[in-house]
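Student: I have a protein model on my screen and I would like to learn how to read it. Could we go through it together?

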Amino acid sequence: ECNQTLEQLICSASALMPQPLPIGGLRRQEETSLSLRCVDLGVIDLVILAGFLKHNTSVTKLDLSTNRLCGIYVDEALGQQKGKWDLSGLRDLCAAIANNPTMVSLGLSNNAIGNEGLSV
C-alpha cells in the first residue's frame, strides 16, 4: 500500500517532467544507467527517487546534473538566484546509495549544491 502511494506520487510528478522516472524499471531492477539530466528535479523529486534507489542494486550510473536538487536555481530571465535552500533530498539520496556497492558514477553538477551540500 505504501509503495502504491509512492508510485502514484511519482507518476504525478513524472507527468510534469520531459522524461518520466522509469518506475517499473527501477522496481524490477532493470535500469543500469539512469539519466535525469535537465528535467527540473527538485527536493521532493529527489526524496522520492532516493526511496526507490534505497532498495535498488541494478543502477550503476546516475546523472542528476542541471536540476534543482537543493531547491535553488537561477532565473535566466532575471539572472537571479531563486528558491529555498533545502538539503533533505540530497541527504536522502546519500543515505540511499551509501551502502550500494553497485553505484559507480553519480553526476550532480550544476545543482547549486555548495560547500554545505558537499559535506552531506
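Student: Is the crossing of helix 3 and helix 4 left-handed or right-handed?

Tutor: A crossing is left-handed if the near helix is turned anticlockwise from the far one by less than a right angle, and right-handed if clockwise. Here helix 3 and helix 4 cross in a left-handed way. Helices (H or I, at least four residues) and strands (E, at least two) are DSSP runs, numbered from the N terminus. Before we go on, a word on the source: this is a predicted model, where local features need pLDDT of at least 70, side-chain atom pairs count only at pLDDT 80 or more, and totals for chains, interfaces and linings use all residues. Residues are numbered from 1 along each chain as its sequence is written, and side-chain values use heavy atoms, with hydrogens and water left out.

Student: At what angle do the axes of helix 3 and helix 4 cross?

Tutor: Axes are lines fitted to C-alpha atoms, for helices over the stretch in contact, and angles run from 0 to 180 degrees between N-to-C directions. For helix 3 and helix 4 (residues 88-97), the axes cross at roughly 15° and come within 8 Å. That makes the two helices roughly parallel (angles under 35 degrees count as roughly parallel, over 145 as roughly antiparallel, 65 to 115 as roughly perpendicular and the rest as oblique).

Student: What is the order of strands in the open sheet?

Tutor: Two strands pair if DSSP finds at least two bridges between them. The open sheet has three strands in the order 1-2-5, with parallel pairing. Strand 1 (33-35) and strand 5 (105-107) are at the edges with a single partner strand each, so one side of each has no neighbour in the sheet. Three bridges join strand 2 (residues 61-63) to strand 5, and Lys-61 has Ser-105 as its bridge partner there.

Student: Which strands form a hairpin?

Tutor: Strand 3 and strand 4 do, with four residues between them. These strands run antiparallel and are joined by four bridges. In the turn, Gly-79 has a positive phi of about 65°.

Student: How many salt bridges are there?

Tutor: A salt bridge is a side-chain nitrogen of Lys or Arg within 4 Å of a carboxyl oxygen of Asp or Glu. By this rule there are two. One joins Arg-37 to Asp-63 (3.8 Å, N to O), linking parts of the chain 26 residues apart. The other joins Asp-40 to Arg-68 (3.7 Å, N to O), and this pair is 28 residues apart.
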